[in-house]
Amino acid sequence: AKPSAKKIDKRIDGAIALAQACQGKQAQAELIALRSSRATPQQLERLQRELNEASSACTRKRQRASAWAEARGPIESSLASGSVERARTSVAMPPI
């Protein structure tokens, strides 16, 4: 028996939640599984679009965490030595 549209929508919502939690591999696996179900092209397109958006957001999140990990030591060092201005310039964003 093939799943109903409501069950497919629940699976899609679950896959979207996985993607938004930065569990892209599991979400992608669900997309692959849904391709062999009765999911409509529109449902699959919606899921793919959401996976792409979540992937971009997760990439930015990892980049921010990495940048902070690199900057944290020198900033804390500057603050500990009383050099607030040097710490401030360490976190200053360059003009766009």
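Visitor: How do the side chains of Glu 76 and Arg 72 meet?
Guide: In a salt bridge, at 2.8 Å from N to O. Keep in mind that this is a predicted model.

Visitor: How far apart are Glu 76 and Arg 72 along helix α3?
Guide: Four residues, so about one helical turn separates Glu 76 from Arg 72.

Visitor: And what is the exposure of Glu 76?
Guide: Glu 76 has 42% relative accessibility, so it counts as partly exposed. Arg 72 is partly exposed too, with a relative accessible area of 41%. The band for that label runs between 20% and 50%.

Visitor: How many salt bridges turn up in the whole structure?
Guide: The search finds four. One of them pairs Arg 11 with Glu 30. Their closest N and O atoms are 2.5 Å apart.

Visitor: Which helices hold Arg 11 and Glu 30?
Guide: Arg 11 is in helix α1 and Glu 30 in helix α2. The pair therefore ties together parts 19 residues apart in sequence. Arg 11 comes out at 30% relative accessibility, so it is partly exposed.

Visitor: What does Arg 46 pair with?
Guide: Asp 13, again through a salt bridge. The closest N and O atoms there are 2.7 Å apart. Arg 46 sits in helix α3 and Asp 13 in helix α1, so this pair ties together parts 33 residues apart in sequence.

Visitor: Are those two buried or exposed, or in between?
Guide: Arg 46 has 27% relative accessibility and counts as partly exposed. Asp 13 has a relative accessible area of 40%, and is also partly exposed.

Visitor: Why can such side chains pair at all?
Guide: Opposite charges can pair when the charged atoms come close.

Visitor: Switching topic. How many disulfides does the structure hold?
Guide: One. Cys 22 and Cys 58 form it, with their sulfur atoms 2.0 Å apart.

Visitor: What handedness does the disulfide have?
Guide: The torsion about the S-S bond of Cys 22 and Cys 58 is about -100 degrees, so the disulfide is left-handed.

Visitor: Where in the chain are the two cysteines?
Guide: Cys 22 is in the loop between α1 (5-20) and α2 (24-35). Cys 58 is in helix α3, which covers residues 41-80. The pair links distant parts of the chain, 36 residues apart.

Visitor: Which of them is buried?
Guide: Cys 58, at 6% relative accessibility. The cut-off for buried is under 20%. Cys 22 is at 32%, so it counts as partly exposed.

Visitor: What about the backbone at Cys 22, where is phi?
Guide: Cys 22 has a positive phi of about 60 degrees, although this residue is not a glycine. Most residues other than glycine have a negative phi.

Visitor: How much of the chain is buried?
Guide: Buried residues make up 21% of the 96 residues.

Conventions: Residues are numbered from 1 along each chain as its sequence is written. This is a predicted model: local features need pLDDT of at least 70, side-chain atom pairs count only at pLDDT 80 or more; totals for chains, interfaces and linings use all residues. Side-chain values use heavy atoms; hydrogens and water are left out. A disulfide is a pair of cysteine sulfur atoms within 2.5 Å. Buried means under 20% relative accessible area, exposed over 50%, partly exposed in between (1.4 Å probe, protein chains only).
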